[in-house]
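Colleague: I am new to this structure. Could you take me through it?

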Amino acid sequence: MTDKAPAAPDKEYLHSGSITKAVLGWWKIDLKTLAGRQRHQSISAARVLWGYLLRQRTLMSYQEIGRLMGNRDHSTAMYYVEKCRRDIGYNPAVRATLESVESLAEKIDQERKAQQLHGATKTEQSGTPTR
């Protein structure tokens, strides 16, 4: 098994920050809570979905995902991905949540790209880079 995951054939890659913001916004939690060790059911569900989306919609390896998720081992990231795959296969509520969060992440990513483009246009017009 390769450690790099391609995005779904009909979907483009997203920035990991866009996915993270979408998960944080959907569950209304902060990054410290999401990446923390708390095992409350809703936080665990958010973490599992976060890991799944990071794997499916970015070029991140399991090791990189584990690091982003609070310095967890790569095997924990693998577990999250497999758990989410199983859950979306038989639980329509999980599938619906995944689709909603993924859609939100796509919108956030589009806004991020538009802001980057706007910043690049500003630089070209002024001749000096903006930070």
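Modeller: The notes below cover the core, a helix contact and some salt bridges. This is a predicted model, in which local features need pLDDT of at least 70 and side-chain atom pairs count only at pLDDT 80 or more, while totals for chains, interfaces and linings use all residues. Residues are numbered from 1 along each chain as its sequence is written, and side-chain values use heavy atoms, with hydrogens and water left out.

Colleague: How many residues does the largest nonpolar core have?

Modeller: The largest nonpolar core has 27 residues. Such a core is a set of buried Ala, Val, Leu, Ile, Met, Phe, Trp, Tyr and Cys residues joined through side-chain atoms within 4.5 Å. Buried means under 20% relative accessible area, exposed over 50% and partly exposed in between, with a 1.4 Å probe and protein chains only. Those with the most contacts inside this core are Ile19, Val23, Trp50, Tyr52, Leu53 and Leu54.

Colleague: And which helix gives the largest share of this core?

Modeller: Helix 3 does, with 7 residues. Helices (H or I, at least four residues) are DSSP runs, numbered from the N terminus.

Colleague: What does Leu54 touch?

Modeller: Leaving aside residues up to four places away in sequence, Leu54 touches Ser16, Ile19, Met60, Ile65, Leu68 and Met69. Contact means heavy atoms within 4.5 Å.

Colleague: Where do helix 3 and helix 5 stand, parallel or perpendicular?

Modeller: The axes of helix 3 (residues 41–57) and helix 5 (residues 74–90) come within 8 Å and cross at roughly 100 degrees. That makes the two helices roughly perpendicular, a label for angles of 65 to 115 degrees. Axes are lines fitted to C-alpha atoms over the stretch in contact, and angles run from 0 to 180 degrees between N-to-C directions.

Colleague: Changing topic, how many salt bridges are there?

Modeller: A search of the whole structure finds 8. A salt bridge is a side-chain nitrogen of Lys or Arg within 4 Å of a carboxyl oxygen of Asp or Glu. One of them joins Glu106 and Arg57, at 2.9 Å from N to O. This pair links distant parts of the chain, with Glu106 in helix 6 and Arg57 in helix 3, 49 residues apart.

Colleague: Is Arg57 buried or exposed?

Modeller: Arg57 has a relative accessible area of 2%, so it is buried. Glu106 counts as partly exposed because its relative accessibility is 26%.

Colleague: What about Glu82, which residue does it pair with?

Modeller: Glu82 forms a salt bridge with Arg85, and their closest N and O atoms are 2.5 Å apart. Both lie in helix 5, 3 residues apart, about one turn of the helix.

Notes
Angles under 35 degrees count as roughly parallel, over 145 as roughly antiparallel, 65 to 115 as roughly perpendicular and the rest as oblique.
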